[in-house]
Amino acid sequence: MSKPLKQIHLAAHFPGVNNTTVWSDPASGSHIEFSSFAHFARTAERAKFDFLFLAEGLRLREQGGRIYDLDVVGRPDTFTVLSALAAVTDHLGLTGTINSTFNEPYEVARQFASLDHLSGGRAAWNVVTSWDAFTGENFRRGGFLPQEERYSRAKEFLATAHELFDSWHGDEILADQGTGVFLSDAKAGACVHRGQHFDIHGRFNVPRSPQGRPVIFQAGDSDEGREFAASDADAIFSRHATLEAGRAFYTDVKRRLAKYGRRSDQLLILPAATFTLADTDEEAQELAKAVRRRQVSGATALRHLEFVWNRDLSGYDPDGPLPDIDPDVSSRHIAEGRAQVRMYRDPLATAREWRELAAAHNWSIRDLVIETGNRQNFIGSAETIARTIDEYVQSDAADGFILVPHITPGGLDEFADKVVPLLQERGVFRTDYEGPTLRHHLGLAHPDDLGDRRAAS
């Protein structure tokens with residue numbers, strides 16, 4: 001008997017401060033004006049996507065002591081944008097990245113419970129940590145936490161937030177106008193938490209929201225991040241670019257669930273993916289090359305190479321060979337606020353590998369940066385892209401994808417009009433929303449239905 005078809009989950013990421021966005025394209029709009037976010041969200045909802053995702057940056061990136069302005073610089077507060085989007089959408093989930101290192105559980109729980117109420121049960125929280133002192137300088141504590149402490153704090157942060165969410169059971173508000181009795185339980189919202197990172201003794205002032213708790217996302221790819229997702233998250237983002245790498249990541253994370261008493265379907269794996277769509281595969285390939293070269297300008301290529309070399313490379317020709325000098329591993333890093341620098345734990349080894357690749361393929365600096373980008377790209381006609389997405393999901397390389405267009409706010413429109421109908425024809429994507437909350441869209445049970453009144457383990 002053949003395995004039943006998996007249903008594909010699709011979401012849309014409004015690109016943030018990165019070179020995915022070709023902001024210089026005449027079709028690109030503002031990253032500040034609300035009309036851009038509203039257009040993007042309405043397109044995602046028209047296509048019956050699960051949710052919209054907004055990232056959050058807590059400090060402007062710098063390179064060589066100057067603001068890095070090759071990418072989009074600056075973005076309104078994530079919570080404010082999501083709250084406004086709740087008023088112009090009816091079904092679309094609203095997911096935001098909120099940091100657990102420089103915030104407090106009470107304020108974050110209050111914000112997400114409020115968003116869940118305002119949206120009718122569509123809130124989701126991407127729980128992240130902050131890794132560098134540079135970001136911490138914007139906050140009163142400053143500094144940063146070592147990796148093991150970051151995840152320790154994040155787990156306790158999330159557990160504390162869950163205790164706050166669960167301090168209301170959902171049946172306390174009577175609002176009986178005849179008797180004048182508003183609450184059935186005078187102890188509603190009472191919360192006491194004492195731990196390594198937080199000591200709270202008070203009352204949570206937002207009644208239980210439609211989802212009970214927001215859906216929890218996690219984006220870490222380290223071993224600690226994967227364990228955090230397996231124990232506490234409802235979905236995990238992934239950056240693995242090939243079918244084989246995706247299946248390996250999928251298998252690894254899913255196998256970790258059993259130790260926490262969880263089933264495979266209780267954690268969704270959703271890689272980020274760009275796409276280039278055209279009438280034919282050949283046209284799409286040519287367009288993808290042009291888009292990639294616009295995303296990676298000569299100046300951008302040099303700055304990206306500096307992530308590894310940790311030197312000022314502005315004097316090099318981006319269309320010329322890689323530097324023959326070695327990376328500087330002795331000093332503070334030239335790129336501040338860039339998570340990518342952590343990917344290159346051995347800069348000398350990475351430099352050797354890149355020189356070998358460049359020599360083998362006759363690549364310039366710019367060619368190398370373009371070719372070694374690690375985000376999954378779907379390139380082709382609508383039929384090809386629909387087939388490829390379906391192949392990834394049915395072969396357990398993913399449960400769906402978070403699509404990142406290179407043009408905002410209109411870059412999702414063509415996908416919604418051409419690819420989504422083909423997925424619907426295949427019977428692997430919804431033709432309409434089947435429930436009011438994000439948990440319905442993602443096929444996740446309500447915490448109360450699981451009898452889950454505990455804090456996250």
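Predicted model: local features only at pLDDT ≥ 70, side-chain atom pairs only at ≥ 80, totals over all residues.
Asp390 and Arg426 are joined by a salt bridge, and their closest N and O atoms are 3.0 Å apart. The two residues sit in distant parts of the chain, 36 residues apart: Asp390 belongs to helix α12 (residues 382-394), while Arg426 is in the loop between α13 (413-425) and α14 (438-442).

Arg426, at 36%, is partly exposed.

## How α12 meets α13

Helix α12 also packs against α13, with the two axes 9 Å apart and an angle of about 55 degrees between them. The two helices are therefore oblique to each other. In this packing, α12 passes α13 in a right-handed crossing.

Which residues make the contact? From α12 come Ala382, Glu383, Ile385, Ala386 and Ile389, and from α13 come Phe415, Lys418, Val419, Leu422 and Leu423. Sorted by class, the contact of α12 with α13 has eight nonpolar residues, two charged ones and no polar ones.

## A pair within α13

Lys418, one of the α13 residues in that contact, also takes part in a salt bridge with Glu414, where the closest N and O atoms are 2.9 Å apart.

## Tying α5 to α6

Another salt bridge joins the side chains of Lys155 and Asp232, at 2.9 Å from N to O. Why does this pair tie together separate parts of the chain? Lys155 lies in helix α5 (residues 147-165) and Asp232 in helix α6 (residues 223-232), so the bridge connects parts that are 77 residues apart in sequence.

Here, too, you can look at how accessible each partner is. Asp232 is buried, with a relative accessible area of 6%, whereas Lys155 is partly exposed at 31%.

How many salt bridges turn up in the whole structure? A search finds 33.

Some of the charged residues here are linked in a network of salt bridges.

Methods: Residues numbered from 1 in each chain as written. Heavy atoms only, no water. Salt bridge = Lys/Arg side-chain N within 4 Å of Asp/Glu carboxyl O. Helix = DSSP H or I, 4+ residues; strand = E, 2+ residues; numbered from the N terminus. Buried < 20%, exposed > 50% of the residue type's maximum accessible area, 1.4 Å probe, protein only. Axes fitted to C-alpha atoms, helices over the stretch in contact; angles between N-to-C directions. Parallel < 35°, antiparallel > 145°, perpendicular 65-115°, else oblique. Left-handed = near helix turned anticlockwise from the far one by under 90°. Contact = heavy atoms within 4.5 Å. Nonpolar A, V, L, I, M, F, W, Y, C, P; charged D, E, K, R; others polar.
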